[in-house]
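Q: Please take me through this one slowly, a piece at a time.

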Amino acid sequence: MNFWQYLENRHQQLLTDAYQHASVVFQCMVVATLLGVLIGVVTYRSEWAGNLATTTTATILTVPALALIGLLIPVVGLGVPPTVIALTLYGLLPVVRNAIVGLRGVDPSLVDAADGIGMSRPVRLLRVELPLAWPPILTGIRVATQMLMGIAAIAAYASGPGLGNIIFRGLASLGSANALNQVLAGTLGIVVLALLFDAAYVLIGRLTISRGIRA
């Protein structure tokens, strides 16, 4: 059968795998964003601590995804756990780096003004510094999400959820009737999901970033 016939016959399974793929990436990005911003808040004031946080998360990113997932399997088993841990770790670097850059880039005069009207540090952080640092943080989230979309496909090696299962099945049966259709369907599905997520981030940016900051 041709590619369009394959999509018609397997659309239910493809939609299920696409939902699982999007779900695991979204959940891992939520965790990575919370951890990344927290690390940025804790370390941005110190040059040494900020460099350590950036270097550590960058080092994690240098570990091949297949190797990291393989190392996690004996510890947490197959399926969702190694997938979630690996994706969360890989998603940290862009968020941590951009959170530190964004918080360090806040105009000191605005911080002094907040201190002058009696804001405590937590209140100043929540009402002044983080809102001003939000545009670079959102950019880091977008970059991390695009990375995780592709990396999540490798989770099929550990029986993880997502479109990677279709791609791996196609690669394992190259030469058979539907092998190419499977690889193509899984790959295009990931590309479409990545574009949809990015469009959502653009919309979030327009809704949450004031025109003055964007300018």
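Q: What is the relative accessibility of Arg142, and how does that count?
A: Arg142 has 28% relative accessibility, so it counts as partly exposed; buried means under 20% relative accessible area, exposed means over 50%, and partly exposed is in between, with a 1.4 Å probe and protein chains only. This is a predicted model, in which local features need pLDDT of at least 70 and side-chain atom pairs count only at pLDDT 80 or more, while totals for chains, interfaces and linings use all residues. Residues are numbered from 1 along each chain as its sequence is written, and side-chain values use heavy atoms, with hydrogens and water left out.

Q: Which side chain does Arg142 meet in a salt bridge?
A: The side chain of Arg142 meets that of Asp198, at 2.8 Å from N to O; a salt bridge is a side-chain nitrogen of Lys or Arg within 4 Å of a carboxyl oxygen of Asp or Glu. This pair links distant parts of the chain, since Arg142 is in helix H7 and Asp198 in helix H9, 56 residues apart. Helices here are DSSP runs (H or I, at least four residues), as strands are (E, at least two), and they are numbered from the N terminus. Asp198 is partly exposed, because its relative accessibility is 22%.

Q: How many salt bridges does the structure hold?
A: There are four salt bridges, and one of them brings together the side chains of Arg104 and Glu47, at 3.8 Å from N to O. Arg104 lies in helix H5 and Glu47 in helix H2 (residues 47–62), so this pair ties together parts that are 57 residues apart in sequence. Arg104 is partly exposed, with a relative accessible area of 35%, while Glu47 counts as exposed at 52%.

Q: Why can side chains like that pair at all?
A: In general, side chains of opposite charge can pair when their charged atoms come close.

Q: Changing topic, which members of the largest nonpolar core touch the most other members?
A: Met29 and Leu148 do, out of 52 residues in that core. The elements that give two or more residues to the core are helix H1 (3–43), helix H3 (65–76), helix H4 (80–90), helix H5 (92–104), helix H7 (121–154), helix H8 (164–172) and helix H9 (179–208). A nonpolar core is a set of buried Ala, Val, Leu, Ile, Met, Phe, Trp, Tyr and Cys residues joined through side-chain atoms within 4.5 Å.

Q: What does Leu148 touch?
A: If residues up to four places away in sequence are not counted, Leu148 touches Val25, Cys28, Met29, Leu87, Tyr90 and Gly91, where contact means heavy atoms within 4.5 Å.

Q: Which residues form a nonpolar patch on the surface?
A: Phe26, Val30, Val31, Leu34 and Leu35 form that patch, with about 450 Å² of accessible area together. Areas come from the Shrake-Rupley method with a 1.4 Å probe, and for residues only the protein chains shown count as cover. Patches are made of residues with over 30% relative accessible area and no salt bridge; like charges are joined within 9 Å, and nonpolar side chains (Val, Leu, Ile, Met, Phe, Trp, Tyr) within 5 Å. Val31 lies in helix H1 and counts as partly exposed at 39%.

Q: Last one: what is the phi of Ser159 near?
A: Phi of Ser159 is near 60°, a positive value in a residue other than glycine. Ser159 lies in the loop between H7 and H8, and Ser159 is partly exposed, with a relative accessible area of 48%.
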